[in-house]
Amino acid sequence: VQLQASGGGLVQAGGSLRLSCAASGRNLVIGVMGWYRQAPGKQRETIATTTELGSTNVADSVKGRFTISRDNFKRAVYLQMNSLKPEDTAVYYCHAEIVQYSGPRSDYWGQGTLVTVSS
């Protein structure tokens, strides 16, 4: 099982980026998917999560600016980031709870994608 994230980059304050993350592997059942971020010198924080049925939770720090969505057919999760601020600069990680071949539910992480917001 692998999670492949993409979409990071350099953007000016006020700009937008869309992060994507897709799971690959056979016989997967994907539960909660989410996005997390870690800024230099800070702990990893939860940004947004979404369940299999599409229920979402978004951190207060990004509410109204970031939107999480998923495509169960593509086994993908997305993070639309608008009105970006310099404090949004961080490495963003996608995460998913996945069951493969009726095994135990396990946590998987993408490789991280860097988002840099310039002032």
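In which sense do S7 and strand S8 pair, and over how many bridges? I began with this question, noting that the model is predicted.

**Entry 1: S7 and S8.** I found that S7 and strand S8, residues 76–81, are antiparallel and pair over six bridges. I then looked up serine 69 and recorded tyrosine 78, in S8, as its bridge partner.

**Entry 2: the sheet.** I traced the order S1-S3-S8-S7, which makes an open sheet of four strands with antiparallel pairing. At its edges I noted strand S1 (2–6) and strand S7 (66–71), each of which pairs on one side only. From one strand to the next, I recorded an average twist of 15°. As a general point, I noted that backbone hydrogen bonds pair the strands of a sheet.

**Entry 3: the hairpin of S9 and S10.** I next turned to strand S9 (residues 90–100) and strand S10 (residues 106–109), which run antiparallel and are joined by four bridges. For alanine 96 I looked up the bridge partner and found tyrosine 108, in S10. S9 and S10 form a hairpin, and I noted five residues between them. In the turn I recorded a positive phi of about 55° for tyrosine 101.

**Entry 4: alanine 59.** I located alanine 59 in the loop between strand S6 (56–58) and S7. Between alanine 59 and isoleucine 47 I recorded a separation of 12 residues in sequence and 5.1 Å in space, C-alpha to C-alpha.

Technical notes: Residues numbered from 1 in each chain as written. Predicted model: local features only at pLDDT ≥ 70, side-chain atom pairs only at ≥ 80, totals over all residues. Heavy atoms only, no water. Pairing = 2+ DSSP bridges. Helix = DSSP H or I, 4+ residues; strand = E, 2+ residues; numbered from the N terminus. Axes fitted to C-alpha atoms, helices over the stretch in contact; angles between N-to-C directions.
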